[in-house]
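Here are a few notes to read alongside the structure. Keep the 3D view open and click through the residues as you go.

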Amino acid sequence: MGQHAHSHQELAGESLVAEAARALTASGEQWTSMREAVFTELAKHERPVSAYDIADNLSAARGKRVAPNSVYRILDVFVANNLAMRVESANAYLANTHPGCAHDCIFLVCDECGEAAHVDDEEVSRAVRAIAATRQFKAERPVLEIRGLCKGCA
């Protein structure tokens with residue numbers, strides 16, 4: 001299968017947060033201190049994390065309650081602007097390690113440990129979009145999740 005070859009590197013830590021801020025403001029959105037806190041917390045996790053977990057972690061760090069609904073709204077902005085990806089079946093999120101770079105969401109989700117590997121595969125993306133198009137359906141944000149066991153759990 002044709003995996004998408006990136007001409008850029010995967011970002012992490014402060015460089016990921018800085019690029020997310022740049023990408024969000026370039027799209028016309030504001031980069032607030034709360035959005036930065038949510039993105040920074042999201043980016044700490046290698047596995048999908050829920051809005052409730054993010055809210056709990058931020059509440060503990062700030063010493064005051066952060067409402068999960070506020071976190072959900074921010075995560076929706078991140079997904080809409082390609083800073084985060086939503087693992088639909090887990091109602092959880094992953095930071096996009098190359099913000100602003102649009103790809104369809106193809107996940108390999110481990111039912112044992114919860115790991116969700118994001119795969120960029122242009123061949124699969126084209127096929128899914130073609131199936132939608134033959135049915136006069138405009139695919140806006142295809143998400144494909146394959147459930148099973150990762151290498152470590154198999």
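This is a predicted model: local features need pLDDT of at least 70, side-chain atom pairs count only at pLDDT 80 or more; totals for chains, interfaces and linings use all residues.

1. Thr25 sits in helix H1, which covers residues 13-26.

2. Now look at what surrounds Thr25. A polar atom of its side chain lies 3.1 Å from the backbone oxygen of Arg22. Then try finding Asn81: Thr25 and Asn81 are 56 residues apart in sequence, yet their C-alpha atoms are 9.9 Å apart in space.

3. Next up is Glu41, which belongs to helix H2 (residues 33-43). Glu41 has a relative accessible area of 8%, so it is buried, the cut-off being under 20%.

4. What does Glu41 touch? Once you set aside neighbours within four places in sequence, Glu41 is in contact with Ile54, Asn57 and Leu58. Its side chain also makes a polar contact of 2.8 Å with the side chain of His45.

5. On to the sheet. Three strands form an open sheet in the order S4-S3-S5, and the pairing is mixed. At the edges are S4 (116-119) and S5 (143-148), each pairing on one side only. On average, neighbouring strands here are turned by 20° against each other, direction ignored.

6. Finally, zoom in on one pair. S3 (residues 105-110) runs antiparallel to S4, and four bridges link them. To see where they face each other, find Val109, which stands opposite Ala116 in S4.

Notes:
Residues are numbered from 1 along each chain as its sequence is written. Side-chain values use heavy atoms; hydrogens and water are left out. Helices (H or I, at least four residues) and strands (E, at least two) are DSSP runs, numbered from the N terminus. Buried means under 20% relative accessible area, exposed over 50%, partly exposed in between (1.4 Å probe, protein chains only). A polar contact is a pair of N or O atoms within 3.5 Å; within protein, one must be able to donate a hydrogen and the other to accept it, and residues adjacent in sequence count only if both atoms are side-chain atoms. Contact means heavy atoms within 4.5 Å. Two strands pair if DSSP finds at least two bridges between them. Axes are lines fitted to C-alpha atoms, for helices over the stretch in contact, and angles run from 0 to 180 degrees between N-to-C directions.
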